[in-house]
Amino acid sequence: MSAEDLYEAVMLEKECFGTEAWSEKAFADSLALDYAIYLVASEKDHIIGMAGLRNICGDADITNVAVRSEFRRQGVAEKILIELMRQGMETGVINYTLEVRSKNIPALKLYEKLGFESEGIRKNFYENPQDDAVIMWKRKDKEC
């Protein structure tokens, strides 16, 4: 993701996350972090998917996983996440974590397919509509 992608990234966020979407400033601030990686997938010069991570001492928090509705269930998110984790490993990431709506079954299945496991619930974490967040981890070594 580059500064030129910010407008489309914000539009995609709004499509996917409504009132919980990140602002353009939030994305710009994240892009400026030397411990963050944000990727986009595009088709015909338009963003169709994106995801990012922040590497905190070898643990990466994956954020902003979003795919335009007409491109869902076509492997876009999976490809972005695989590349994101590959690049994360190159920068020293050992473990990955993310939060996902408990009712987002397609996303839960994708994360499980990629090796993530549920390790907790944040009750009423999301609004509009209200939902719990499932906290998932993909750990290199299961022993903590």
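Student: What makes the link between the side chains of S30 and R54 a polar contact?

Tutor: In this predicted model, the side chains of S30 and R54 are joined at 2.3 Å. The cut-off for a pair of N or O atoms is 3.5 Å, so a pair at 2.3 Å counts as a polar contact.

Student: Why is S30 called buried?

Tutor: The relative accessibility of S30 is 1%. Buried means under 20%, so S30 counts as buried. S30 lies in helix α2 and, leaving out residues up to four places away in sequence, touches W22, A36, Y38 and R54.

Student: How do you know that the buried residues of α1 line one face of the helix?

Tutor: The buried residues of α1 are L6, A9, V10, L12 and E13. Viewed down the axis of α1, they fall within an arc of 160 degrees, so they line one face. These residues pack against α2, β2 and β3.

Student: What span is expected for α1, at 1.5 Å a residue?

Tutor: Helix α1 covers residues 6-17, and 16 Å is expected for its 12 residues. From its first C-alpha to its last, α1 reaches 16 Å, close to that value.

Student: Why is strand β6 called largely enclosed?

Tutor: Of its 8 residues, 7 are buried, so β6 is largely enclosed by the rest of the structure.

Student: How do you know that β5 and β6 pair?

Tutor: Pairing needs at least two bridges, and 6 bridges join β5 to β6, so the two strands pair. They run antiparallel, and I121 has V134 as its bridge partner in β6. Strand β4 also pairs with β6 in the antiparallel sense, over 6 bridges.

Technical notes. Residues are numbered from 1 along each chain as its sequence is written. This is a predicted model: local features need pLDDT of at least 70, side-chain atom pairs count only at pLDDT 80 or more; totals for chains, interfaces and linings use all residues. Side-chain values use heavy atoms; hydrogens and water are left out. Helices (H or I, at least four residues) and strands (E, at least two) are DSSP runs, numbered from the N terminus. The expected span of a helix is 1.5 Å times one less than its number of residues. Buried means under 20% relative accessible area, exposed over 50%, partly exposed in between (1.4 Å probe, protein chains only). The arc is that of the directions from the helix axis to the C-beta atoms. Contact means heavy atoms within 4.5 Å. A polar contact is a pair of N or O atoms within 3.5 Å; within protein, one must be able to donate a hydrogen and the other to accept it, and residues adjacent in sequence count only if both atoms are side-chain atoms.
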